[in-house]
Amino acid sequence: KPGEQKHPKEPSSLQCMHLAVVACGDRLEETLIMLKSAVLFSNRRLCFHIFAEDSLKPEFEKKLKEWPSSYTKKFESNIYPITFSVGNAQEWKKLFKPCAAQRLFLPVILKDVDSLLYVDTDVLFLRPIDDIWHILQEFNSTQLAAMAPEHEIPKIGWYSRFARHPYYGTTGVNSGVMLMNLTRIRGTQFKNSMIPGGLTWEEMLYPLYQKYKNHITWGDQDLLNIIFYFNPECLYVFPCQWNYRPDHCMYGSNCRGAEEEGVSILHGNRGVYHDDKQPTFKALYEVIRDFPFEDNLFQSLYYPLQSKFLDTVHTLCGRIPQVFLKQIEKTMKKVYENHVIVYLGANHRY
């Protein structure tokens with residue numbers, strides 16, 4: 001249509017959905033399970049951008065090569081060292097969790113990438129990345145990133161109760177799942193609390209950190225909240241089922257989108273995959289971790305998940321198993337149908 005804003009694409013993004021993650025310390029296994037969930041369900045080709053400490057690089061290369069070829073052909077991976085283009089690298093490294101601040105520098109480092117989905121290591125995809133990637137097409141002419149709210153209910157939200165710095169909206173946003181149009185981020189002058197005019201993304205990061213470092217608790221997520229507080233027109237807010245955390249069920253169910261559609265992306269923050277505080281989150285993580293790639297999805301993933309969930313019905317999150325199972329069941333049916341149609345189609349020709 002005349003005058004319609006088109007989403008800019010670089011040629012390779014037509015074939016590739018870019019996914020970035022930052023892994024340091026003991027996050028190797030968690031990151032690999034996240035990447036596995038992405039590959040299991042996605043339709044289009046994936047480009048992984050893994051930012052990792054030097055000691056983890058050979059481990060990532062080795063483990064990804066061990067995956068069966070039917071899956072390795074669905075993605076390409078690039079592994080980068082941890083680098084910070086402005087300010088003091090040691091300070092950035094110590095901000096919140098080791099290396100977490102790396103995500104702030106993605107627009108600067110990945111200069112040839114147009115759009116990108118960044119996720120924390122403790123994220124699991126329960127449906128194709130294609131579906132969240134499509135949200136890029138819904139951005140209006142000023143939006144350049146998308147995140148979900150930190151909470152649905154202000155009176156129990158962290159930012160609305162405790163924040164000592166500006167934050168987006170009424171409850172702040174959570175940066176564990178962040179969709180970014182990097183081209184737009186690189187080309188925008190951002191309003192800020194430091195100078196009357198605008199600053200580019202790269203110019204803004206270090207002065208912003210210096211100004212607020214004594215008031216922030218959640219590191220880079222707080223800095224993103226400050227940026228979008230001053231530039232609310234730049235943010236697209238997607239619903240909670242795209243970044244579903246223990247907070248959405250441990251105080252009673254408070255993510256309506258997940259109740260209606262099921263969880264699309266699970267975010268096991270607070271270390272819940274590795275302790276017994278939220279058995280439903282742990283069950284999903286373990287079933288995807290233990291799934292043998294070439295096996296039948298229903299037999300070796302969905303049914304074990306159902307039986308594990310029976311042991312969690314006494315917990316607040318376990319009371320609503322359909323919220324966790326609805327989307328993954330739908331996704332597996334599609335994967336199975338595609339597989340059967342392709343298989344039958346291939347045989348039909350002979």
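Predicted model: local features only at pLDDT ≥ 70, side-chain atom pairs only at ≥ 80, totals over all residues.
Buried here means under 20% relative accessible area, exposed means over 50%, and partly exposed is anything in between, worked out with a 1.4 Å probe on protein chains only.

Residues are numbered from 1 along each chain as its sequence is written, and side-chain values use heavy atoms, with hydrogens and water left out.

**Domains and how they meet**

- The chain splits into domain 1 (17-238) and domain 2 (241-347), with bounds that come from an automatic or database domain assignment.
- Their C-alpha centres sit 23 Å apart, and the contact (heavy atoms within 4.5 Å) takes 34 residues from domain 1 and 34 residues from domain 2.
- The size of an interface is often given as the accessible area lost when the parts come together.
- Here the two domains bury about 3,100 Å² between them, 64% of it on carbon and sulfur atoms; that buried area is what both parts lose on being put together, summed over both, with a 1.4 Å probe.
- On the domain 1 side, Leu 124, Leu 126 and Arg 127 lose the most area to domain 2, together 24% of what that side buries.
- The rule finds 18 residue pairs in polar contact across the interface, both residues at pLDDT 80 or more. Such a contact is a pair of N or O atoms within 3.5 Å; within protein, one must be able to donate a hydrogen and the other to accept it, and residues adjacent in sequence count only if both atoms are side-chain atoms.
- Several elements give two or more residues to the side of domain 1 that touches domain 2, among them helix 3 (69-72), strand 5 (123-125) and strand 7 (173-181). The largest share of that side, seven residues, comes from helix 1.
- Helices (H or I, at least four residues) and strands (E, at least two) are DSSP runs, numbered from the N terminus.

**Nonpolar cores**

- A nonpolar core is a set of buried Ala, Val, Leu, Ile, Met, Phe, Trp, Tyr and Cys residues joined through side-chain atoms within 4.5 Å.
- The largest one has 74 residues, and Tyr 244 and Phe 324 touch the most other members. Helix 1 (residues 28-41) gives the most to this core, with nine residues, and the core draws at least three residues from each of domain 1 and domain 2.
- Leaving aside neighbours within four places in sequence, Tyr 244 is in contact with residues including Cys 249, Cys 255, Phe 281, Ile 320 and Phe 324.

**Salt bridges**

- The structure holds 16 salt bridges, each one a side-chain nitrogen of Lys or Arg within 4 Å of a carboxyl oxygen of Asp or Glu.
- Two salt bridges are counted between domain 1 and domain 2.
- Arg 127 pairs with Glu 261 through their side chains (3.9 Å, N to O).
- Asp 220 bridges to Arg 103, with the closest N and O atoms 2.4 Å apart. That pair links distant parts of the chain, 117 residues apart: Asp 220 is in helix 10 and Arg 103 in the loop between helix 4 (89-94) and helix 5 (106-109). Asp 220 is buried at 0% relative accessibility, and Arg 103 is buried at 6%.
- Asp 247 and Arg 270 meet at 2.5 Å, N to O. Asp 247 is buried at 8% relative accessible area, whereas Arg 270 is partly exposed at 49%.
- Asp 26, Arg 27 and Glu 30 are linked in a network of salt bridges. Within it, the side chains of Asp 26 and Arg 27 meet at 3.8 Å, N to O, and Asp 26 is exposed at 68% relative accessible area.

- Helix 10 (residues 220-230) is mostly covered, with nine of its 11 residues buried; among them are Asp 220, Leu 224 and Phe 228.
- Ala 23 lies in strand 1 (residues 16-23) and is buried, with a relative accessible area of 0%.
- Beyond its neighbours within four places in sequence, Ala 23 is in contact with residues including Thr 31, Phe 51, Leu 56 and Thr 121.
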